[in-house]
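I opened my notebook for a walk through this one, strand by strand. Here is what I looked up, in the order I got to it.

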Amino acid sequence: QVQLVELGGGLVQPGGSLRISCAALGSMPSIDDMGWYRQAPGKQRELVAVITSGHSTNYAASVKGRFTISRDNAKNTVYLQMNSLKPEDTAVYYCNVAFSGQVQWGQGTQVTVSS
């Protein structure tokens with residue numbers, strides 16, 4: 001019923017910026033929390049940022065001050081603006097949305113930070 005489509009991943013040099021997006025397609029009730037997780041090689045999936053329906057935000061300490069999560073409710077889309085990227089930010093990034101007590105995951109998009 002609902003599909004999350006992630007866009008915007010790619011290769012960027014250290015210090016660069018990238019914006020990834022996740023759009024929820026299909027009919028659905030109002031979305032509650034939306035967030036981004038990432039999983040680097042050999043590591044567990046970790047929370048990067050979350051934004052509530054009230055636009056409150058929370059960030060992992062490792063990205064605080066560099067990343068910004070935002071949402072466009074009219075488009076059912078969540079964004080992650082990533083600035084001052086570091087090699088350690090390299091990971092597959094997954095969006096996550098919660099609605100009506102359900103949780104949906106995106107397919108993941110690769111972000112590689114390398115020179």
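**Entry 1: who pairs with S11.** A reminder to myself before starting: this is a predicted model. I began with strand S2 (residues 10-12), which is joined to S11 by three bridges, the two running parallel. Ala 91 has Val 111 in S11 as its bridge partner.

**Entry 2: the faces of S11.** Which residues of strand S11 (residues 109-113) are on its covered face, and which on its uncovered one? I have Thr 109, Val 111 and Val 113 on the covered face, with Gln 110 and Thr 112 on the uncovered one.

**Entry 3: the four-stranded sheet.** Next I traced an open sheet of four strands in the order S1-S3-S8-S7, with antiparallel pairing. Its edges are strand S1 (3-7) and strand S7 (67-72), each of which pairs on one side only. From one strand to the next, the twist averages 15°. Inside the sheet I checked strand S3 (residues 18-25) against strand S8 (residues 77-82) and found six bridges in the antiparallel sense. Ile 20 has Leu 80 in S8 as its bridge partner.

**Entry 4: Leu 80 and the core.** I stayed with Leu 80 and listed its contacts beyond four places in sequence; among them are Leu 18, Ile 20, Trp 36, Val 48, Phe 67, Ile 69 and Tyr 93. Leu 80 also turned up among the residues with the most contacts inside the largest nonpolar core, along with Trp 36, Val 48, Phe 67, Val 78, Met 82 and Tyr 93. That core has 30 residues. At least two residues each come from S3, strand S4 (34-39), strand S5 (46-51), S7, S8, S9 and S11. S9 gives the most, with five.

**Entry 5: an arginine in a loop.** Is Arg 66 buried or exposed? I found Arg 66 in the loop between strand S6 (57-59) and S7. Arg 66 counts as buried because its relative accessibility is 11%, and the cut-off for buried is under 20%. Its side chain makes a polar contact of 2.8 Å with that of Asp 89. Beyond four places in sequence, Arg 66 also touches Gln 81, Met 82, Asn 83, Ser 84, Leu 85 and Lys 86.

Technical notes: Residues are numbered from 1 along each chain as its sequence is written. This is a predicted model: local features need pLDDT of at least 70, side-chain atom pairs count only at pLDDT 80 or more; totals for chains, interfaces and linings use all residues. Side-chain values use heavy atoms; hydrogens and water are left out. Buried means under 20% relative accessible area, exposed over 50%, partly exposed in between (1.4 Å probe, protein chains only). Two strands pair if DSSP finds at least two bridges between them. Axes are lines fitted to C-alpha atoms, for helices over the stretch in contact, and angles run from 0 to 180 degrees between N-to-C directions. A polar contact is a pair of N or O atoms within 3.5 Å; within protein, one must be able to donate a hydrogen and the other to accept it, and residues adjacent in sequence count only if both atoms are side-chain atoms. Contact means heavy atoms within 4.5 Å. A nonpolar core is a set of buried Ala, Val, Leu, Ile, Met, Phe, Trp, Tyr and Cys residues joined through side-chain atoms within 4.5 Å.
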